[in-house]
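Please find below a short briefing on one structure. It is arranged by topic for a reader who has not seen it before.

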Amino acid sequence: METTPTKTPSSKRHHTKTKSSSSMMQSRFEAYNRLQAAAVAFGEKLPIPEIVALGGQSDGKSSLLEALLGFRFNVREVEMGTRRPLILQMIHDPTALEPRCRFQEEDSEEYGNPVLSASVIADIIKSRTDLLLKTTNAAVSPKPIVMRAEYAHCPNLTIIDTPGFAKRGEPENTPDEILSMVKSLASPPHRILLFLQQSSVEWCSSLWLDAIRDIDPNFRRTMIVVSKFDNRLKEFSDRWEVDRYLSASGYLGENTRPFFVALPKDRDTVSNDEFRRQISKVDSDVLHHLRDGVKGGFDEEKFRSYIGFGCLRDFLESELQRRYKEAAPATLALLEQRCSEVGVELAKMDSKIQATSDVAHLRRSAMMHTASICKHVVGNQPLTCEALIDGAADPAPEQWGKTTVQEQSESGIGSWPGVSADIKPPNATLRLYGGAAFERVIHEFRCAAYSIECPPVSREKVANILLAHAGRGGGKGSTEAAIEIGRAAARSWLAPLLDTACDRLAFVLRNLFDLALERNHVRDSEYGKHTENMDGYVGFHAALRHAYSCFITDLAKQCKKLVRHHLDSVTSPYSQVCYESDFNGTFGSSASMLYRLNQGSAGSYSLELSDMGPESRDQENIPPDNNNTRQTTPGKDSEARDVIRESQLTVPETPSPDQPSDTYGGAKKELGNGVEVGGRKRMSRMTGNNRNTVQNCGGGNMYGKGGSAYSEICSSAAQHFARIREVLVDRSVTSTLNSGFLTPCQDRLVVALALDLLAVNDEKFMDMFVAPGAIDVLQNEQQSLQKRQKVLQSCLNEFKNVARAL
């Protein structure tokens, strides 16, 4: 008796389990697809398991994608395949007897209307690519195009198709851009690499295998596919040849097994059913040739599961599902974190929008933020937070500090004016900021000031100053001339140094603003102090920075006035700096010489400042007079000439003895003009050619044994210059710079910034926070965040269901 087969309880349970497992895989796949779409739309960096297809332009990537889809859409007709990544989301839908393709809208998680005609797909890919590249003015773009394909004959599989590696492109740098972009797409460790290389290429001469090794050195997450395998079959005659080629031994490692795939070559338009039939036939033909066309066949036990498109398709689908299942718990945790973070961002945005109409709240927040920044600069913080101007090492000086050379370069000030020496203060190569950098600049200023000596003075200047003082009467003409020369040199050479010091110190203090912002941000992040969140208010931060910079600029101007006042004080004719006894006592021979110069008789005397010697006397038209000119011994005469040569070498401005002297009233002036001492006025004979006055110097030989009057006056002027510099730098300027910059910062910085920012009417105050159109921008950001939160929350709920079913 024939019985009708019946299903046993165990078979029913197995069928139910298989159906449940298939349903679970489908729901898991759908959940990942929606999450992937959300990640693309909102720029989320989520470690979703994904397959990335890599290969050269002619290695068969496009044909493989069409075979996986189960229909042709002529992607090969798109130039270079595509210049943007193409994310293909294949959904196995048994009810979709014809493929339904939809493209995700740019910058949105929504999909457009279904594209029913397969021939239109390539056109859409090309038009979207061209539009984006034209907008960005680039040859390639990493921004992906997302296409969702629902079909009864495609697997549940998602693949990212990348532009093919190219040897040559337009423009010339396109191959490098493609390689860089593909490496960037393939680098994340959660992505599986599907590398295609056609069979005609030997492993040892592969162009792109090294690029894949750079990304995945041990091929732990790389699947290698040898495409166009049918082109290689005719080369095999014996089993050992086939097995050696299939093993790829020596090139890919023992644990890497490539897949070998051949696809239909006929590109004629055929129906989708015929296309799939051709794929199956090619698989059968390859196996038939290996079994019957090769002597001894091949090692089927070892290699059968790696030959044919069908094997590759099944492996890709199962491998992706395995990765999805393993990643589900981590993905769920990450989604919960992102939902929480987006919720916080949305709350901040809501607070900003609400604050745009709450002026009092904004004023309070602005005041608290300003006070916090100022406290980081000048102190008055808890013990854990040192003031930057008092010395601190937070943030890291290695990152935020500057060397002396960097300060000079970035400030735009450069080297010290008038200083030829290379000034290198202690710690010049260390990266300093705040109080340490401030003190280093002051020390650098002192080094620069003390490197300057009193500059040489021409004889004409000395003569003009000396003769003017001598003509006014009194016996201190030479001393006063030397003092006046020293004062003038100090005013001329030290003033630019003072201005530069103020500018450099102002630069150091300006840099503290960025350091205070960084420290404020880090401290708030560490201790969770988000009481007055001012992030995003660009106008306010710009105004705060400007107010701080203006405050430091005003301090620099005030300090310049203060130090200039000190310079004017020590160089004033009424200053006693140059007359202090401790200074005069150090003159030595120069003081004695000036004493002798100033102790002339009550009658007329003359001071010779020009080079002496026969040539000079001839130039002055003073003929020799044996009766009235005192004779000198040859030794003394040579000594005088040596002194002259010495003064000519040390004072390059000294005019040549060959040049004519100044004249008064058309007559030549003799450099030994007689001057009446006392209250008498200068007489007209000063302009005459009075040789008798030259012969009677009133004090005998005014040169002395130490040198000429000119060299003695220059030497004395240099000592007066040094005295003025010492008093100015050590007694006045250093303390003035400290008190002029640092004290106002500590006393007035907070108040000054608050007045500048807050002491305005509400309308002007709100300009810092609500620029034209700013409300619309904030509301658009709010809507975007709300949409993102909704989509991520939906994905989170899906993954909770997926996790419960694991």
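Arg84 is buried, with a relative accessible area of 0% (buried means under 20% relative accessible area, exposed over 50%, and partly exposed in between, with a 1.4 Å probe and protein chains only). The model is predicted, and local features need pLDDT of at least 70, side-chain atom pairs count only at pLDDT 80 or more, and totals for chains, interfaces and linings use all residues. Residues are numbered from 1 along each chain as its sequence is written, and side-chain values use heavy atoms, with hydrogens and water left out.

**Surroundings of Arg84**

- Arg84 sits in the loop between helix H2 (61-69) and strand S2 (86-92); helices (H or I, at least four residues) and strands (E, at least two) are DSSP runs, numbered from the N terminus.
- Leaving aside residues up to four places away in sequence, Arg84 touches Glu106, Arg128, Thr129, Leu132, Ser141, Lys143, Pro144, Ile145, Asp161 and Pro163 (contact means heavy atoms within 4.5 Å).
- A polar atom of the Arg84 side chain lies 3.3 Å from the backbone oxygen of Arg128.

**The sheet**

- Eight strands make up an open sheet of mixed pairing, in the order S3-S4-S2-S5-S1-S6-S7-S8; two strands pair if DSSP finds at least two bridges between them.
- Strand S3 (100-103) and strand S8 (259-260) stand at the edges with a single partner strand each, so one side of each has no neighbour in the sheet.
- Seven bridges join S2 to strand S4 (residues 145-151) in the parallel sense, and Ile145 in S4 is the bridge partner of Leu86.
- S1 and S6 are also paired in the parallel sense, over six bridges, with Ile51 opposite Ile192 in S6.
- S6 and strand S7 (residues 222-227) run parallel and are joined by six bridges; here Gln197 stands opposite Val226 in S7.
- From S6 the chain crosses through helix H5 (residues 209-215) to S7, and this β-α-β crossover is right-handed, a term that applies if, with the strands pointing away from the viewer, the path from the first strand over the helix to the second runs clockwise.

**Strand S6**

- Eight of the eight residues of S6 are buried, and the strand is mostly covered.
- In a regular strand the side chains alternate between the two faces of the sheet.
- Arg191, Leu193, Phe195 and Gln197 point one way from S6, while Ile192, Leu194, Leu196 and Gln198 point the other way, and all are buried.

**Salt bridges**

- The count comes to 34 salt bridges, where a salt bridge is a side-chain nitrogen of Lys or Arg within 4 Å of a carboxyl oxygen of Asp or Glu.
- One of them joins the side chains of Arg191 and Glu50 (2.7 Å, N to O).
- Arg191 belongs to strand S6 (residues 191-198) and Glu50 to strand S1 (residues 50-55), so this pair ties together parts that are 141 residues apart in sequence.
- Arg191 and Glu50 are both buried.
- Arg446 and Asp730 also meet through their side chains in a salt bridge (2.7 Å, N to O).
- Arg446 lies in helix H13 and Asp730 in helix H23, so the pair links parts that are 284 residues apart in sequence.
- Arg446 is partly exposed, with a relative accessible area of 27%, and Asp730 is partly exposed, at 39%.
- Asp93, Arg100, Arg102, Arg148 and Glu150 are linked in a network of salt bridges.

**Nonpolar cores**

- In soluble globular proteins, nonpolar side chains tend to be buried together.
- The largest nonpolar core has 74 residues, of which Leu509, Phe540, Leu737, Phe741, Phe765 and Phe769 touch the most other members; such a core is a set of buried Ala, Val, Leu, Ile, Met, Phe, Trp, Tyr and Cys residues joined through side-chain atoms within 4.5 Å.
- Several helices each supply at least two residues of this core, among them helix H10 (359-378), helix H15 (477-510) and helix H17 (538-570).
- H23 gives the most to this core, with 15 residues.
- Leu737 touches Phe438, Ile442, Ala501, Cys502, Leu505, Val563 and Leu742, not counting residues up to four places away in sequence.
- A second, separate core has 65 residues, including Ala38, Leu64, Leu194 and Phe259.

Methods. A polar contact is a pair of N or O atoms within 3.5 Å; within protein, one must be able to donate a hydrogen and the other to accept it, and residues adjacent in sequence count only if both atoms are side-chain atoms.
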